[in-house]
Amino acid sequence: MFVLSDTPSLANHFLSEMRDVLTQDDRMRFRKNLERMGEILAYEISKSFEYSKKSIQTPLTSTSVFTATDNPVIISVMRASLPFYNGFLNYFDKAESGFIGAFRDESTAGEVKVQLGYHASPSLEGKIIILADPMLATGKSIVESITTLLTHGKPKHIHIASVIAAPEGINYIKENTSCPFSLWVGAIDEKLNHQSYIVPGLGDAGDLAFGPKL
C-alpha cells in the first residue's frame with residue numbers, strides 16, 4: 001500500500017486545502033485539487049508499470065528512452081471521482097475508460113448499503129485497471145465495483161486509488177477482494193463515525209465539487 005502523506009510534498013498542501021472549511025467553498029479549487037491528486041497518484045502508479053527501451057530520433061541524434069508497455073483502463077466511480085479521474089486521464093492520455101455510478105442506500109437504519117446504477121466498460125481481460133474513487137470509507141462501493149467489473153473480463157491487476165481512506169474500508173477490501181490489487185491513497189484517516197463517514201475526512205466530496213444533490 002502506498003500513502004502519499006507519509007512523505008512531505010505538495011500533495012499534502014493540496015489535501016489540506018480540500019479539508020479546510022475556509023477554502024472548501026471554492027468549488028473550482030476543490031475540483032482542481034482533486035484533479036491534481038489524480039495526477040500525482042497517476043505518476044506514482046506509473047512506476048509499477050512495465051517498460052521497454054525504444055530508440056527515437058531527436059533533431060541532433062538518436063537516443064534510447066523507456067516507454068510504458070502497459071496502457072491502463074481508468075474506471076471512474078461517479079460522481080465525486082470525475083475530477084479525480086480526469087487527473088489520471090491527463091497522464092494516461094491513451095487509456096480506455098469505464099464509468100460506474102455508485103450511491104449509498106441509507107434507507108435501513110444503522111446499515112449502509114451500496115447501490116450501483118449505470119456502468120459502462122471496455123473489455124478488461126488481461127488489462128491493468130485503475131479504479132478511481134476519492135473517498136474510501138466503508139469499502140463497499142469498491143468491492144461492488146470490482147465485482148461488476150469482473151463481468152467484463154479478468155484484469156491483470158487492479159490499482160485502487162483514493163484521496164482519503166478509512167482503516168475500516170481498507171480492511172473490508174482486503175477481506176472481500178480475491179483478485180490481485182494494490183492500494184494507493186493520499187492519506188489514511190482515523191476512523192469512520194456512526195454514520196460511516198471518514199473522520200477527520202473532508203465532508204461529501206461530490207457536494208463540494210459539484211454542489212448539493214437532492
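Is T177 buried or exposed? In this predicted model, in which residues are numbered from 1 along each chain as its sequence is written, local features need pLDDT of at least 70, side-chain atom pairs count only at pLDDT 80 or more, and totals for chains, interfaces and linings use all residues. Side-chain values use heavy atoms, with hydrogens and water left out.

T177 has a relative accessible area of 13% and is therefore buried (buried means under 20% relative accessible area, exposed over 50%, and partly exposed in between, with a 1.4 Å probe and protein chains only). The residue lies in the loop between α5 and β10; helices (H or I, at least four residues) and strands (E, at least two) are DSSP runs numbered from the N terminus. Not counting residues up to four places away in sequence, T177 touches V143 and I146, contact meaning heavy atoms within 4.5 Å. A polar atom of the T177 side chain lies 3.0 Å from the backbone oxygen of I173. A polar contact is a pair of N or O atoms within 3.5 Å; within protein, one must be able to donate a hydrogen and the other to accept it, and residues adjacent in sequence count only if both atoms are side-chain atoms.

Helix α4 (residues 140–149) packs against helix α5 (residues 167–176) at an angle of about 30°, and their axes are 8 Å apart. Helix α4 is therefore roughly parallel to α5. Axes are lines fitted to C-alpha atoms, for helices over the stretch in contact, and angles run from 0 to 180 degrees between N-to-C directions; angles under 35 degrees count as roughly parallel, over 145 as roughly antiparallel, 65 to 115 as roughly perpendicular, and the rest as oblique. The residues that meet are K140, I142 and V143 from α4, and Y172, I173 and N176 from α5. By class, this contact has 4 nonpolar, 1 polar and 1 charged residues (Ala, Val, Leu, Ile, Met, Phe, Trp, Tyr, Cys and Pro count as nonpolar, Asp, Glu, Lys and Arg as charged, and the others, Gly among them, as polar).

In soluble globular proteins, nonpolar side chains tend to be buried together. The largest nonpolar core here has 36 residues, and those with the most contacts inside it are F30, M37, F84, F88, F92, V163 and L202. A nonpolar core is a set of buried Ala, Val, Leu, Ile, Met, Phe, Trp, Tyr and Cys residues joined through side-chain atoms within 4.5 Å. At least two residues of this core come from each of α1 (10–19), α2 (27–46), α3 (81–91), β7 (128–132), β9 (157–165), β10 (181–188) and α6 (205–210). The most, 6 residues, are given by α2. Leaving aside neighbours within four places in sequence, V163 is in contact with L15, M18, L34, M37, F84, D133, P134, V185, G186 and A187. A second, separate core has 22 residues, including V3, I129, I146 and V185.

S162, in strand β9, is buried at 0% relative accessibility. Its side chain reaches the backbone oxygen of D133 at 2.7 Å. Beyond four places in sequence, the contacts of S162 are L41, F84, D133, P134, L136, W184, V185 and G186. The C-alpha atoms of S162 and Y43 are separated by 14 Å, the two residues being 119 residues apart along the chain.

D133 lies in the loop between β7 and β8 and counts as buried at 8% relative accessibility. Not counting residues up to four places away, D133 touches V77, S81, F84, S141, I142, A161, S162 and V163. M135, in strand β8 (residues 135–136), is buried with a relative accessible area of 18%. The C-alpha atoms of M135 and A161, 26 residues apart along the chain, are 9.2 Å from each other.

Most residues other than glycine have a negative phi, and most peptide bonds are trans. The peptide bond from M78 to R79 is cis, with omega near 10°, and R79 is in the loop between β4 (73–78) and α3. The bond from V199 to P200 is also cis, with omega near 5°; P200 is found in the loop between β12 (198–199) and α6. S196, although not a glycine, has a positive phi of about 65°. S196 is placed in the loop between β11 (191–192) and β12 and is buried, with a relative accessible area of 15%.
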